[in-house]
Amino acid sequence: DVLVPIERRFGVDKHILLAIWSMESGYGAVLKRKSRLHKVIHALSTLAYGDQKRSKFAITQLIAALQIIDSGDIHPSQMMGSWAGAMGHTQFIPTSYLAYGIDWDGDNKRDIWNCIPDALATAANLLMRNGWQTDTTWGNEVSHPKNSSFYLDQTKTLHEWSQLGFHRAGSKGFPRPQDRAEFKLLAGQKGPGFLMLKNFFVLKRYNNSDFYAIAVG
């Protein structure tokens with residue numbers, strides 16, 4: 001009753017949203033471990049003052065966090081997050097919250113801390129607005145030729161890849177051979193190869209890590 005309407009509105013696969021929720025907070029379990037949570041204003045103030053490498057980031061996030069409080073979405077005492085300011089069930093930093101936050105349940109608050117529908121809709125909104133393509137996958141595991149490391153991070157159509165000896169795992173054909181994909185080897189030449197499609201890179205807008213995006217996918 002929550003996931004299906006969100007999927008319908010934003011076009012993002014409900015399984016992807018569940019995977020993000022799991023990766024980010026263990027379906028909210030992290031939020032129950034009070035010893036691991038920090039007051040976001042305190043955490044960002046500390047980073048802004050004491051961490052030269054992160055000070056610019058922290059100042060920007062601190063100002064955004066104050067704007068969230070000013071909007072009335074959350075009381076300062078309830079604005080809890082990680083040591084780096086990531087907040088709620090889906091671990092949004094304050095600037096991303098301001099950009100993509102959704103009030104799904106209609107109570108006039110974008111509450112990603114206490115309202116799971118708001119958190120999942122907010123995650124879906126981020127992916128949609130960064131170009132998520134509905135009804136297609138994030139990538140394909142492929143068998144690859146011995147010299148495949150030569151092609152690392154190159155982009156070609158799936159048809160062109162197949163002509164070079166890259167084949168979808170399980171001897172399946174590529175359903176959309178004209179889609180463009182980038183070749184990735186995340187565990188070396190002997191590890192599995194992947195041809196990553198547009199949605200893989202949209203997932204990286206959530207967390208800019210190949211390993212994060214492939215884990216969610």
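Okay, let's start with two helices: Val40, Ile41, Leu44, Ser45, Leu47 and Ala48 in H3 meet Ser55, Ala58, Ile59, Gln61, Leu62, Ala65, Leu66 and Ile69 in H4. By contact I mean heavy atoms within 4.5 Å. The labels are DSSP runs numbered from the N terminus, with H or I helices of at least four residues and E strands of at least two.

Quick housekeeping. This is a predicted model, where local features need pLDDT of at least 70, side-chain atom pairs count only at pLDDT 80 or more, and totals for chains, interfaces and linings use all residues. Residues are numbered from 1 along each chain as its sequence is written, and side-chain values use heavy atoms, with hydrogens and water left out.

Back to that pair. H3 covers residues 40-50, and its axis and that of H4 come within 8 Å, crossing at roughly 155°. Axes here are lines fitted to C-alpha atoms, for helices over the stretch in contact, and angles run from 0 to 180 degrees between N-to-C directions. H3 and H4 are therefore roughly antiparallel to each other. For the wording: under 35 degrees is roughly parallel, over 145 roughly antiparallel, 65 to 115 roughly perpendicular, and the rest oblique. H3 passes H4 in a left-handed crossing; left-handed means the near helix is turned anticlockwise from the far one by less than a right angle, and right-handed means clockwise.

Now Met79, which sits in the loop between helix H4 (55-71) and strand E2 (80-81). Is Met79 buried or exposed? Met79 counts as buried because its relative accessibility is 0%. The cut-offs are under 20% relative accessible area for buried, over 50% for exposed, and partly exposed in between, with a 1.4 Å probe and protein chains only. Leaving out residues up to four places away in sequence, Met79 touches His38, Lys39, Val40, Ile41, Ala65, Ile68, Ile69, Ile74, Met87 and Trp113.

Next up, H6. Helix H6 runs over residues 116-129, so to speak 14 residues, and spans 20 Å from first C-alpha to last, close to the 20 Å expected at 1.5 Å a residue. The expected span is 1.5 Å times one less than the number of residues. H6 is mostly covered, with ten of its 14 residues buried. What do the buried residues of H6 pack against? They pack against helix H1 (3-10), helix H2 (14-25), helix H5 (94-100) and helix H8 (198-203).

Take H2: its axis and that of H6 come within 10 Å and cross at roughly 110°. That makes H2 roughly perpendicular to H6. The contact is made by Ile16, Leu17, Ile20 and Trp21 of H2 and Ile116, Leu120, Ala123, Ala124 and Leu127 of H6.

Last one, Ser148, in the loop between strand E3 (139-143) and strand E4 (155-157). Ser148 counts as buried, at 0% relative accessibility. A 2.8 Å polar contact joins the side chains of Ser148 and His144. A polar contact is a pair of N or O atoms within 3.5 Å; within protein, one must be able to donate a hydrogen and the other to accept it, and residues adjacent in sequence count only if both atoms are side-chain atoms.
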